[in-house]
Amino acid sequence: MTSRRFSRVLLFCLSAILCLGGALGFVPQARTLGQAPAATIAPSHGRPLVNLRNPQSLKIDYNGSADVVSALKSGAAATNLAVGDFDADGAPDLVSGYKTANGGVVTLLRGNPDAFAPKDPTLYPAAIKGNVPPTFVSEATAFAVPESPDFLAVGDFNRDGNRDLLVGTNGGGLYVLAGDGKGSLGTPQAVRLTGVVRTMDVSDGGYVAVSIDGPEGLRVAILAPSAHGLTEVGSYATPGQATSLAWGSLGGGLDLAVGAGSNVMLIYGPLSRNPDPPYAVSAKCGKLVKRRAQNPK
């Protein structure tokens, strides 16, 4: 690793420790370096800057097969949420996951285009007076999934231009529900993995990092979207079970940060032909310890 890259790593880790040091005990007291400029808030002319309404329960009618809707209404436990435009109308749609007695259910609640970009000009005067159309339509579609939808992510995983849904189960499998571009999802298709899922994260381009616990040990697999679905293109052993993953630009490209035990594992350029060896950075007794992680398989 070059000195400049290591400096970025050191700065990244120092920032994380300064933010979390008080809770974790790494930094007894954080001090402010320099004097921050004073913030100026413009007058609001007697109106509050933020207007919050009382929470309201949505009245939703669920469509789908009778057994799926019945399972949803029979004590299903909510697990996760995801947002994406599944019908390409410009309004974000909401996906909700639920754990049921025999697996799981995901519901797709479509956004109301009139609430985001109304085509009817008569809606604008009403919106100025506070009469804004509802954010969502009143009907949602329920789809069955084989296991509890603990993790949800949206992306184009089969490269057909439509939003798809990725469902993962903690201690279980990974499934793709292909979107048709009209607000519907297909039958769950299992993604081939050698082990069980622990957590996952999806990049803006639809690349998936998934923490796997299996016969090959603890590792992070990199899955790439294609016309044939998600396929594994890389694998990295981790110093502990990875419980947190985050894509980001840590060295000038698309990199991956992995939280594994007491370590933060940094994988530079995992999508490149010749990725850098991963590094694990741990904080012990207030000192940063940098070491080379295990080589990728």
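I looked up Arg219 and found that, at 1% relative accessibility, Arg219 counts as buried (buried is under 20% relative accessible area, exposed over 50%, partly exposed in between, with a 1.4 Å probe and protein chains only). I note that this is a predicted model, in which local features need pLDDT of at least 70 and side-chain atom pairs count only at pLDDT 80 or more, while totals for chains, interfaces and linings use all residues. Residues are numbered from 1 along each chain as its sequence is written, and side-chain values use heavy atoms, with hydrogens and water left out.

I searched the whole structure for salt bridges (a side-chain nitrogen of Lys or Arg within 4 Å of a carboxyl oxygen of Asp or Glu) and found four. Glu232 and Arg219 meet in one of them, at 3.0 Å from N to O. Glu232 lies in strand β13 and Arg219 in strand β12, so this pair ties together parts 13 residues apart in sequence (strands are DSSP runs of E, at least two residues, numbered from the N terminus). Arg219 also forms a salt bridge with Glu216, the closest N and O atoms being 3.4 Å apart. I therefore record Glu216 as partly exposed, at 41% relative accessibility. Glu216, Arg219 and Glu232 are linked in a network.

Technical notes:
Helix = DSSP H or I, 4+ residues; strand = E, 2+ residues; numbered from the N terminus.
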